[in-house]
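Hi there,

Here is the structure I promised to pass on. Have a look at it first, and then read my notes below.

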Amino acid sequence: RSLRHKTNVRTVLGEIKGGVHTGRRALMSHFDSLSEINNAAVEQLWEVPEISDTCAQEIHGFFHKENG
């Protein structure tokens, strides 16, 4: 189950513009699930040391883009 969770996180984060490769492990350690990353505010993403402000905004934007 844990391996599947990590694979899902890697897959989704790999789709985000700008990569997020360096912060992927940090995000997985900081947040318990992909759902928590999805629901995180930009300020919460900024709390992850390896995530830059720009990257945090891109992650947040990826999960909160408007459909249509």
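**Starting from Leu45**

Leu45 lies in helix H4 (helices are DSSP runs of H or I with at least four residues, strands are runs of E with at least two, and both are numbered from the N terminus). Before going further, note that this is a predicted model, where local features need pLDDT of at least 70, side-chain atom pairs count only at pLDDT 80 or more, and totals for chains, interfaces and linings use all residues. Residues are numbered from 1 along each chain as its sequence is written, and side-chain values use heavy atoms, leaving out hydrogens and water.

Is Leu45 buried or exposed? Leu45 is buried, with a relative accessible area of 0%. For the cut-offs, buried means under 20% relative accessible area, exposed means over 50%, and partly exposed is in between, using a 1.4 Å probe and protein chains only. Leaving aside residues up to four places away in sequence, Leu45 touches Leu27, Phe31, Ile37, Ala40, Ile51, Ala56, Ile59 and His60 (a contact means heavy atoms within 4.5 Å). As for His30, 15 residues from Leu45 along the chain, the two C-alpha atoms are separated by 9.1 Å.

Leu45 also turns up in the largest nonpolar core, which has 17 residues. Such a core is a set of buried Ala, Val, Leu, Ile, Met, Phe, Trp, Tyr and Cys residues joined through side-chain atoms within 4.5 Å. The members that touch the most others are Leu27, Phe31, Ile37, Leu45, Ile51 and Ile59. At least two residues each come from helix H1 (2–14), helix H2 (24–30), helix H4 (42–46) and H5, and H5 gives the most, with 5 residues.

So what does H5 look like? Helix H5 covers residues 53–64, 12 residues in total, and reaches 16 Å from its first C-alpha to its last, close to the 16 Å expected at 1.5 Å a residue (the expected span is 1.5 Å times one less than the number of residues). Its buried residues are Cys55, Ala56, Ile59, Phe62 and Phe63. They sit on the same side of H5, because they cover an arc of only 125 degrees around the axis, taken from the directions from the helix axis to the C-beta atoms.

Zooming out, the protein has 5 helices and 0 strands, and 34% of its 68 residues count as buried. Among contacts between residues at least 6 apart in sequence, 42% join residues at least 24 apart.

Cheers
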